[in-house]
Amino acid sequence: MRSCIAIIDIGSNSARLVIYEKSSTYGFHLICERKSKVRIGEGAYEKNGHLQAPAISRAYLALKEFITTTQHYPIEKILCVATSALRDAPNAQGFTSWIKNELNLEIEIIDGKKEAYFGAIAAKNLLPIKNGITLDIGGGSSDLALLKNSKVISTYSLNLGTVRLKELFFDKNSSIDKARNFIKKELKKLPKEFKHKQIIGIGGTARTLSKAIMKSENYPFNNIHAFEYPVEQYMEYFKTISEAQANLLKYLHIPKGRFDTIREGTLIWEEILLYLDAKKVITSGVGVREGVFLDNLLKNNNSQFPKNINPSIQSILDRFDVQHINTEQRKKNSSKLFKLFLNAGKIKNKYLKELLYATELSEIGYKFNIYKTYEHAFYVTMQEFNYAVSHKELVLTAMLLRFGGNDLYEKNIYKQYKKLLPKQATFEFLSFIHTLTTTLYDQTALKEFDFTFKDNKLTIIAKGSLYLVKEKLKEIEKPNNLKLEIFDKQKVPAYKF
C-alpha cells in the first residue's frame, strides 16, 4: 500500500474520518471512512456556546477510535479540522488542549470563511463546474463561496445551521415564521456579489434532498455526486418538508436517520436559494474533508489539477497499472474518425471528450481476464469515474466501453440509462468509432492508420497487414448502413515447395 493521508472533520453534528491513498502525483482514492453522530454542539447554543460534558465525552470516544483506525494504514499525516461549534465555544481551547494531551491529535479550528474555501476547492476540482456559489449547510453555520472561472473570489459564513435552528426554534415548538424571519435577517449580511443562477450543494442537507428527488423521479443512476435539478420545480417540495410533521417525512422520501434535522436544514436551504436567485442546483458528494486533502495534495499547483488531468481517470489507471500502451495513438485515431463523421454531419461536436475518456479507459477490462473485458471496463467506470464529469458524460463513457459494437439496443442496460444518453443515431456512431479503434489496436501491432469517408463508405488504410482485423470487424454493428472497406499494403508471397 502506498502512503496515505487521513482527514478528520469535527462538525457541529457529526465527526468523520476519511483516509486517502495517494497512487501518484495526481492520483488518489478513498480507502476508509468512519462517521459518528457526535453532536458536539448539542446543548451549546442555549449555554452561550459552551461545549457540554456529554458532547465532549462522545467526541473524545469517537476521536480515540479514529486514531486507532489510522494505525492500520501507512499514514503520512493526519489533518484534523473543527468547524462552527468549536469556533463558537468559549471553552474550545480547553477541549483541543485536552485532546492533544490525551490523544496526541492536533485540532485546527477553522473559521467560516476557511470552511467555505475548503468546500469550494473540492467542488471546483471534483465537479464539472467553473462558476457558481457553493453552499454548505452544517450544524452551526452555512458557508458560501463564490466561484468564477475556477477561482474562489469570495467566501462568507452565516450563523445558520441545522442544530442551531433546532435548539432555538423547532425544539421549542416556535412558529416556523419565527425561524424564517431569523434566517432572512441573517441573510441580509451576505455581500451583494453573492448572486448566481448555479448553486453547488455541499453537505448532508443538500445530499439528502437530492437523494429524495432522485428517488421520487426513479432517476436511472444512483450516484449523488454531480446530480442536477432545476430549483423552481422543487421549491414547493422543499416547503412541504420544512413544514411537515416528523412522522410524515418518510412519505417525502426522507430516510429515518435524517428526521431530526432535515426540516431545519431544508428551511435554510429553501430561503438561501430564494435569496441567491438560484435557478439550478448541482449536488456535490464532496466537501470540507476533500477540500482539506486537495489543498494539501495540490499545494504546489494553486489548489487546482492541471487541465489535462482528470483525477478519477488518473486514479483508475494507477490502480489497475495500465501501461498506457499506444494510448496517444488510439486517441489520435479516435479523433480522426470523430472529425470525419462530424464533417459528414453524422454527429455533433460535443461528445469527443467522452470518446477520448473511453479510449483511455478501454484497457482496464483486460486487468481482470480476457473474457467479458467490455463488461469489466463498464462496471469499473460506473463505480470509479466520478470526478469532474456530469452524469451524462460518465454514463456515455461507460456505455461506450460496455458493448464492443454489438447488440447496442437489445440489452436492458441500454434501456436503463437511455434517459442520460444521446440520441440513438449519435450513440451508434460513437460506439462504432470506439470499437473500431479498440479493435485495430487489439488485433494488430500497427500504430498508424488513415481513414477516408465518402458516399457512406469508410475506408481504413494501413501500412501493414489487417488480416485478423478483417474478421473481427465483420462482427461490429455498423451505423446507418455504413459500408466498410479495408486497404492494406501487405502482400502474400508466392507459395513454393
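D171 forms a salt bridge with K166, the closest N and O atoms being 3.3 Å apart, where a salt bridge is a side-chain nitrogen of Lys or Arg within 4 Å of a carboxyl oxygen of Asp or Glu. D171 counts as partly exposed because its relative accessible area is 45%, given that buried means under 20%, exposed over 50% and partly exposed in between, with a 1.4 Å probe and protein chains only. The model is a predicted one, in which local features need pLDDT of at least 70 and side-chain atom pairs count only at pLDDT 80 or more, while totals for chains, interfaces and linings use all residues. Residues are numbered from 1 along each chain as its sequence is written, and side-chain values use heavy atoms, with hydrogens and water left out.

By this rule the count of salt bridges comes to 25, and three of these pairs are set out below.

| Pair | N to O distance |
|---|---|
| D171 and K166 | 3.3 Å |
| K239 and E243 | 3.2 Å |
| E328 and K331 | 3.9 Å |

K239 and E243 both lie in helix α8, residues 235–243, where they are four residues apart, about one turn of the helix; helices (H or I, at least four residues) and strands (E, at least two) are DSSP runs numbered from the N terminus. K239 is partly exposed, with a relative accessible area of 32%, and E243 is likewise partly exposed, at 39%. In helix α12, residues 327–343, E328 and K331 are separated by about one helical turn, because they are three residues apart. E328 is exposed, with a relative accessible area of 54%, whereas K331 is buried, with a value of 18%. Salt bridges that share partners also join R180, K239, E243, E270 and E271 into one network.

T283 belongs to strand β11, residues 280–283, and counts as buried because its relative accessibility is 1%. Leaving aside residues up to four places away in sequence, T283 touches L127, G201, A206, R207, S210, I224, H225, A226, F227 and Y229, a contact meaning heavy atoms within 4.5 Å. From E65, T283 is 218 residues apart in sequence and 30 Å apart in space, C-alpha to C-alpha.

The structure also holds two cavities of 30 Å³ or more. A cavity is, on a 1 Å grid over the protein atoms alone, a set of points where a 1.4 Å probe fits but cannot get out, and its lining residues have an atom within 4 Å of a point; grid points are joined across faces, edges and corners, and the volume is the space filled by probe spheres set on the points.

The largest cavity has a volume of about 450 Å³. Of the 31 residues that line the largest cavity, D136, I137, G138, G203 and G204 are the closest to its centre. At least two lining residues come from each of β6 (132–137), α7 (204–216) and α10 (288–297). By class, this lining has five nonpolar, 17 polar and nine charged residues, where Ala, Val, Leu, Ile, Met, Phe, Trp, Tyr, Cys and Pro count as nonpolar, Asp, Glu, Lys and Arg as charged, and the others, Gly among them, as polar.

In the second largest cavity lies about 70 Å³ of space. The residues lining the second largest cavity are S362, Y366, T373, Y374, A377, L401, H434, T438 and D442, with α14 (373–384) and α17 (424–442) each supplying at least two of its lining residues. By class, the lining of the second largest cavity has four nonpolar, four polar and one charged residues.

Terms used: On a 1 Å grid over the protein atoms alone, a cavity is a set of points where a 1.4 Å probe fits but cannot get out, and a pocket is an open set with protein on both sides within 12 Å along at least five of seven lines; lining residues have an atom within 4 Å of a point.
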